[in-house]
Amino acid sequence: MTVDAMADLLRDWLPAQRWFAAKDSVIQRVSTVREHVLRDADPMLVHAVVAVDLDAETQHYQLLLGLRPSLPEQLAHAAIGRHDGMAVYDAVHDAEALSLLLGLIAAEREVGELRFTPEPGVRLDPDLRPRPVLAEQSNTSVVYGQQYILKLFRRVSPGDNPDVSLHRALHSVDSEHIATPLGGLRAPLLGVDTDLAFLQEFLPAAADGWPMATASVRDLLAGTGGDAARVGGDFAAESYRLGQTVAALHADLRTALGETVTDSVHATELAATMHRRLDRALTRAPELARHEADIRAVYDQVGSARGPMRVQRIHADLHLGQALRTPARWVVIDFEGEPAASRQDRETPCSPLRDVAGMLRSFDYAANHLLVGCGPAGGLHEQARLWTERNRTAFCDGYADLAEDPRADSALLAAFELDKAVYEVAYERTHRPTWVGIPLAAVDRLLGTAP
């Protein structure tokens, strides 16, 4: 069989997938870069990397395709279509297929150009029961028992994936704020050895930072008096610990990969990157136009800075949803960087303040997304503002406990936060228009133009 023969099915199916990154573009062509039959039986399992030709670029996606004469009821939602008398479906929902993947990694197997390998010294249990994680956006993950989690990178680019390389670097210096790397899948893509999947320790007792924070906000908004320090779900102590964690993580990244003290050229390049991101945002969010001159003035101040700047590898997409609270500590996950950013932007060393700004923006979202559609009556917006300020302060205090206070360079921190808010305005305008007021209010606040 050839996946190319299913091109029409895939062209119709791909835009509906959460992890497909080109929903606003027209697919011109889907073609196979590589395919391997992992199981030649019923059900058949095919691993494929396909090239998706769009108007302005070509993107590459990893697929795991199953073929059966007919689909059982529990796989009906995974259907892609029918080809040559067989039902074709997304096999990441099929326990048989997922068990095979773990077995291949545990056995250190090669299938054609695909190399399934455990980390050095790691012994895996291939018999753990799999279940897919359904809440993800840009990739697909599978939990095995209560021990492992496998991330399949859906959109793939040639070379090392930052999520894999940074986890391995942090593990090499015994960082306590990551999940342990356990194995992965690699294969050539466009002549470059490329990460396709990553197996890690699963943390079954961990809680996601986003629902923890939003539960605290709900407690505050449902209470009386509006005192964020006294509400039963006060999150400030956790924000402080999270700040300490991020500072420790940055220190571990410096130990593992080093840092550079830059000259004014870096500041100029950083400002140019911010201007380019604004250019892209303006095409998607015209409401930013009234702020354009003021935003560019902030970026120009960054570009004209003449003092040295310390830069290093960072997380590059840090927010509450990338932090897990175990009973003992905070753990940071998903080091791929901002999904819409280029590989170069995600991997270029930058000031750690960019990560700090990302977390500060996340506190703002946690407090205010619950009030989307609510009018100003009742003082809820003021209570949300107080919660945000309390937790932003606690996070920065925690960070300053182990590293230089991020508020010491308030101008650069505000510029990173503004850059993030501009990106968020464009994102919300495209994906969640009713939320666009959250980052727009942040733009007003950062520019001093709030009503």
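Me: Is Cys374 buried, exposed or partly exposed?
Reply: The model is predicted: local features need pLDDT of at least 70, side-chain atom pairs count only at pLDDT 80 or more, and totals for chains, interfaces and linings use all residues. Residues are numbered from 1 along each chain as its sequence is written, and side-chain values use heavy atoms, with hydrogens and water left out. Buried means under 20% relative accessible area, exposed over 50%, and partly exposed in between (1.4 Å probe, protein chains only). Cys374 has a relative accessible area of 39%, so it is partly exposed.

Me: How many disulfides does a search of the whole structure find?
Reply: A disulfide is a covalent bond between the sulfur atoms of two cysteines. Here the test is a pair of cysteine sulfur atoms within 2.5 Å. Over the whole structure, the number of disulfides found is 0.

Me: Which cysteine has the sulfur nearest to that of Cys396, and how far away is it?
Reply: Cys396 is in no disulfide. The nearest cysteine sulfur belongs to Cys350, at a distance of 16 Å.

Me: Is Cys396 buried or exposed?
Reply: The relative accessible area of Cys396 is 3%. That value makes Cys396 buried.

Me: How many residues of strand E12 are buried?
Reply: Strand E12 spans residues 181-189. It is mostly covered. The count of buried residues is 8 of its 9.

Me: How many bridges join E12 to E13?
Reply: Strand E13 holds residues 192-201 and pairs with E12 in the antiparallel sense. Arg186 stands opposite Asp195 in E13, and Ala187 has Thr194 as its bridge partner. The number of bridges is 8.

Me: Which residue in E12 stands opposite Phe116?
Reply: Strand E7 (residues 114-118) runs antiparallel to E12, with 4 bridges between them. The residue opposite Phe116 is Leu185.

Me: Which residue takes a positive phi in the hairpin of E12 and E13?
Reply: This hairpin has 2 residues between the strands. The phi in question is near 55 degrees. The residue is Leu190.

Me: Where does Glu108 lie?
Reply: Glu108 has a positive phi of about 50 degrees although it is not a glycine. With a relative accessible area of 53%, Glu108 is exposed. Its place is the loop between helix H2 (95-106) and E6.

Me: Is Ala316 buried or exposed?
Reply: Ala316 also has a positive phi, near 80 degrees, and is not a glycine. It sits in the loop between strand E16 (309-312) and strand E17 (323-325). Its relative accessibility is 6%, so Ala316 counts as buried.

Me: What is the omega of the peptide bond from Asp42 to Pro43?
Reply: Strands E1 and E2 form a hairpin with 4 residues between them, and 9 bridges join the two strands. Pro43 lies in the loop between E1 and E2. The bond from Asp42 to Pro43 is cis, with omega near 5 degrees.

Me: Which residues does Val302 contact, leaving aside neighbours within four places in sequence?
Reply: Val302 is in helix H7 (residues 292-303). Its relative accessible area is 8%, so Val302 is buried. Its contacts are Ala267, Leu270, Ala271, Leu412 and Ala415.

How values were computed: Pairing = 2+ DSSP bridges. Contact = heavy atoms within 4.5 Å.
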